Protein chains: 2
Amino acid sequence: MRATLMYGPGDVRVEEVADPRLREATDVVVRITRSCVCGSDLWPYQKIPVQERGVRMGHEFIGVVEEVGGEVATLRRGDLVVAPFVWSDNTCDYCKAGLQTSCRNGGGWGPGDVDGGQGEAVRVPQADGTLVKLPVGEDDALMPSLLTLSDVFSTGHHAAVCAGVRKGSSVAVIGDGAVGLCAVLAARRLGAEQILLLGRHTSRTDLGREFGATEVVAARGEQAVAAVRDLTGGDGVTCVLECVGTKAAFDTALDVVKPGGSVSRVGVPQYSEANVGPSVFRRNLRIVGGIAPARQYIPELLPDVLSGAVEPGRVFDRTVGLDEVPDAYRAMNDRQALKVLIRP
Amino acid sequence: MRATLMYGPGDVRVEEVADPRLREATDVVVRITRSCVCGSDLWPYQKIPVQERGVRMGHEFIGVVEEVGGEVATLRRGDLVVAPFVWSDNTCDYCKAGLQTSCRNGGGWGPGDVDGGQGEAVRVPQADGTLVKLPVGEDDALMPSLLTLSDVFSTGHHAAVCAGVRKGSSVAVIGDGAVGLCAVLAARRLGAEQILLLGRHTSRTDLGREFGATEVVAARGEQAVAAVRDLTGGDGVTCVLECVGTKAAFDTALDVVKPGGSVSRVGVPQYSEANVGPSVFRRNLRIVGGIAPARQYIPELLPDVLSGAVEPGRVFDRTVGLDEVPDAYRAMNDRQALKVLIRP
């Protein structure tokens, strides 16, 4: 089959690889019908060390179950399924606590002998625990929104949940990428009253407004902080959803949150150390968030996606075939595309 | 009257200062009956820049109301009261949210024209909001425990509350100072099942065991981390109560907390930047805590102190008069005393 591999900065190739096959009795093989490129794929795209053997890419997909291991209880050939961006048994203590990203028997897509999602098919470990069945046809018009359950909508939701967003909350979302926009949607869905979207790409922030942003702050750094303070009576917001991952974004988050508030991070931090000193301590700020346990949230979010109550799939603004995936990376990296859907 | 002033590192003096008098109609003047030296007083004791005019010290006290401002509604001359370590109106939005340390009309003891607690008397701003009446006589045997409501027991409780300690929790308390020991007591009171106390001073950790520590880890750094992992089946604990404030203590906290767990800090951080990078993000760790809103907790904790259900006052191991306060600082700084009570 064909799959996407990354060999170095800016070097993405679609190549022939071994067809996936069952290895464990708890595996299934899924033929991928929809996949996509993630904003987090752009970090390695910019700075991965050169690889002699390519790294398999992609961690968001929907597909059809083709082969079923002997110990798989809940899935059959022909089932349409969505995969969260981390696979997990969904039975260990971490999974039961809703933290499937720390599953004792789980892992990520791509490394080792696990396939990536940007390809024609995938061997899915821990299939019963990982996959969620979708009650629609494989070409249903809801595919883009259903695909966001894999990662970006679940991740935006995680940001909001960890921050404690609820009815009446004041929220600032930092970042107008797909996760930031999904965080706006998630905050709105949870009842936030004021949602300030910090972003400078008009086409994206326009979608953010449609997703529920009550104001857009098209600035960075000190100017952004001043604008948020103006919009919040000088106090800042209760919940900051930091959807970028840079140290500058974290610093901005600390500057726009009010005492007792939460900075919830879902952008993978591109830094190790950052300010958690006296200014954080004196204000009793909560630093929360992390890698989103999408598997935990899919059952909760799915009904609203199926009903059309939310349309997170609007973050996709381009669709490509598998051969065009290198172009998709380039377009997203150059900000010519927000998020690219792949039809293998 | 006489009061304690600090002029530089190791330079604490008891001197004659102006008697406090009412300035605002919301003030009262309190004659101090019990006060004490705080572990946090040792940070300036070690590194305060030399002061031309001394800095007034002390932020924990019990006393008797002597004069009452015209707008004070709830207090009368003769009332015995305990003061939290920050004064506040207890009516603003932050106070109503339980964050009196961020009161819009509050402040600290000592700076500006506000008296410190290590003296004979204090003008108390925002007296209705700040003070809590005590239903006992001024020489009641419960005085030491009641005095810990000012700061150390409320602070230990804050650590436990922010970390989400509840029935069955596994907890590590870092630090065997008065706050650490009170955090043990607070964790026990909230139902924690396993309480590991990290500390190396046997007399202190012995008291920690009596307060509820199920195990003592008399080590630091990597050895402490290994010991905690041994005691927790390799996983670490759900809640870390960091009661020291050094970067090393914070690093240890990150190393002994399990995925999804909380690092709750109540030791004033002696650092600005620290690790909140990918290793924190991947594990969905929560960095919480901060300066404790003691005023919020006193009404909740008071009944258990009055009933004797908890005896946080056992952290006091020495009592001095006002003239001996410089010795008290020295003894605490040299770890010859855990916490010193002052009878002015």
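User: In chain A, how is the crossing of α8(A) and α9(A) handed?
Analyst: The crossing of α8(A) and α9(A) is right-handed. A crossing counts as right-handed if the near helix is turned clockwise from the far one by less than a right angle, and left-handed if anticlockwise. Helices here are DSSP runs of H or I with at least four residues, numbered from the N terminus.

User: What should I know about the model itself?
Analyst: This is a predicted model, where local features need pLDDT of at least 70, side-chain atom pairs count only at pLDDT 80 or more, and totals for chains, interfaces and linings use all residues. Residues are numbered from 1 along each chain as its sequence is written, chains are lettered from A and ligands numbered from 1 in the order in which they are written, and side-chain values use heavy atoms, leaving out hydrogens and water.

User: Back to the helices. At what angle do α8 and α9 of chain A cross?
Analyst: Roughly 25 degrees, for helix α8 (residues 221-231) and helix α9 (residues 247-256) of chain A. Their axes come within 9 Å. Axes are lines fitted to C-alpha atoms, for helices over the stretch in contact, and angles run from 0 to 180 degrees between N-to-C directions.

User: What does that angle make them?
Analyst: That angle makes α8(A) roughly parallel to α9(A). Angles under 35 degrees count as roughly parallel, over 145 as roughly antiparallel, 65 to 115 as roughly perpendicular and the rest as oblique.

User: Which residues meet there?
Analyst: A:G221, A:V225, A:V228 and A:R229 in α8(A) meet A:T252, A:D255 and A:V256 in α9(A). Contact means heavy atoms within 4.5 Å. By class, there are three nonpolar, two polar and two charged residues. Ala, Val, Leu, Ile, Met, Phe, Trp, Tyr, Cys and Pro count as nonpolar, Asp, Glu, Lys and Arg as charged, and the others, Gly among them, as polar.

User: And α6 with α7 in chain A, what angle there?
Analyst: Helix α6 (residues 178-189) and helix α7 (residues 202-211) of chain A cross at roughly 15 degrees, with axes coming within 9 Å. That makes α6(A) roughly parallel to α7(A). On the α6(A) side, the contact uses A:L181, A:V184, A:L185 and A:R188. On the α7(A) side, A:R204, A:L207, A:G208 and A:F211 take part.

User: Now chain B. How do α5 and α6 cross?
Analyst: Helix α5 (residues 152-163) and helix α6 (residues 178-189) of chain B cross at roughly 55 degrees, and their axes come within 7 Å. That makes α5(B) oblique to α6(B). The residues of this contact divide into 10 nonpolar, three polar and one charged.

User: New topic. How is chain A divided?
Analyst: Into domain 1 (2-151 + 293-343) and domain 2 (160-289). The bounds come from an automatic or database domain assignment. The C-alpha centres of the two domains of chain A lie 27 Å apart.

User: How much area do they bury?
Analyst: About 1500 Å² between them, 63% of it on carbon and sulfur atoms. Buried area is the accessible area (1.4 Å probe) that two parts lose on being put together, summed over both. In domain 1, A:W43, A:R314 and A:L338 lose the most area to domain 2, together 37% of what that side buries.

User: And between the chains, how many residues touch?
Analyst: 36 residues of chain B are in contact with 36 residues of chain A. The area buried between the chains is about 2900 Å².

Notes: Helix = DSSP H or I, 4+ residues; strand = E, 2+ residues; numbered from the N terminus.
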